[in-house]
Each structure stands twice: as C-alpha cells, then as structure tokens.
Amino acid sequence: MKAVIQRVANALVSVDSQIIGKIDKGFLILLGVYESDTEEDTEILARKVASLRVFCDDNDKMNLSLCDVDGDALVISNFTLCADTKKGNRPSFSLAKNPEEAKAHYESFCRLLKENGVKKVEKGSFGADMQVSILNDGPVTIVLDTEIWRK
C-alpha cells in the first residue's frame, strides 16, 4: 500500500463540479492499494499516517502529528500510484488490487485513521474522475510504502 501525504493549509475534492470533500489544516492523502496488500498493511499505514510528525511545534521544528494539531485528512483513492513503469512508456496497472477489494481497503484505511485519533476524515469518490485542489503547506510531501515494513 502506498500513500503520498501532502501537508496542506486546505484541500478539497470535487466530482462533476460538486465539492464532495473539504478540509482545513491537515493531510491530503493519495492512497494506492496493491494486489499483495493485506488488512495488516492498512492498519500499519493508518497508524503511521496519524502519528507522522511533520507539523511544526513552538520552536519551528517538525515535531507534531496530525492528531497533535487537531488536523483533518482528505483521502483520495489513486490506483495510478501502483503503476509499473519498468518497460516502455505506458504504465501498467496490473499490480493494483481489483477495485472491489481496493475499495474495502480504502474504506478501512479511512475508518482506521479515525480510530487512531484523526477527528475529521473526508473522502473522495472511489473510482470517480475527481478534481483535487490543495494549498500545499511547506511544501511537505512524504511517501509511505508498506513494502518497507514487510522486509
């Protein structure tokens, strides 16, 4: 499972020009689910994201987590994070989990963020063509991949 996390001042997602999710200070999270991912990956990633210390404390050091700053999360499903670009110029998405199972992991990840202390978790529309607008803060962008914890 892969997550691209961007620290944002605000973010929103819309489908067909209708806003379906909107947050203030927090994380925009693009989430890709691989065929090999398990519920354990989902649990580990949600725990890690909720406790990731990339918000500044009073000394201007990145020392506070999303929960510490009472931040929001906007989670967007993004199968293109699972792109295999080893051959040619057209990415293959065969490593991505099938949509039905990927959606279950996506929903579980959002629920687990809340269980790990994130008070407001907004979502995109799984599988939809979405437009995402953000005001990146920093910029701070972190990529987490559960593959590193499997080794």
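User: Is Asp-16 buried or exposed?
Analyst: This is a predicted model, in which local features need pLDDT of at least 70 and side-chain atom pairs count only at pLDDT 80 or more, while totals for chains, interfaces and linings use all residues. Residues are numbered from 1 along each chain as its sequence is written, and side-chain values use heavy atoms, with hydrogens and water left out. Buried means under 20% relative accessible area, exposed means over 50%, and partly exposed is in between, using a 1.4 Å probe and protein chains only. Because the relative accessibility of Asp-16 is 68%, the residue counts as exposed.

User: What is the phi of Asp-16, and where is the residue placed?
Analyst: Most residues other than glycine have a negative phi. Asp-16 is not a glycine, yet its phi is positive, at about 50 degrees. As for its place, helices (H or I, at least four residues) and strands (E, at least two) are DSSP runs numbered from the N terminus, and Asp-16 is in the loop between strand S1 (2-15) and strand S2 (18-23).

User: Which loop holds Asp-60, and what is its phi?
Analyst: Asp-60 is in the loop between strand S4 (55-56) and strand S5, and it is exposed because its relative accessible area is 60%. Although Asp-60 is not a glycine, its phi is positive, at about 65 degrees.

User: Which residues lie nearest the centre of the largest pocket?
Analyst: On a 1 Å grid over the protein atoms alone, a pocket is an open set of points with protein on both sides within 12 Å along at least five of seven lines, and lining residues have an atom within 4 Å of a point. Strand S3 (26-32), strand S6 and helix H2 each supply at least two residues of the lining of the largest pocket. Of the 19 residues that line the largest pocket, those nearest its centre are Ser-77, Asn-78, Phe-79, Thr-80 and Gly-127.

User: What is the distance of the polar contact between the side chains of Thr-80 and Asn-78?
Analyst: Thr-80 is in the loop between strand S6 (72-77) and helix H2 (99-115), and it is partly exposed because its relative accessible area is 40%. A polar contact is a pair of N or O atoms within 3.5 Å; within protein, one must be able to donate a hydrogen and the other to accept it, and residues adjacent in sequence count only if both atoms are side-chain atoms. The contact between the side chains of Thr-80 and Asn-78 is 2.4 Å.

Conventions:
1 Å grid on protein atoms, 1.4 Å probe; cavity = no way out; pocket = protein on both sides within 12 Å on 5 of 7 lines; lining within 4 Å.
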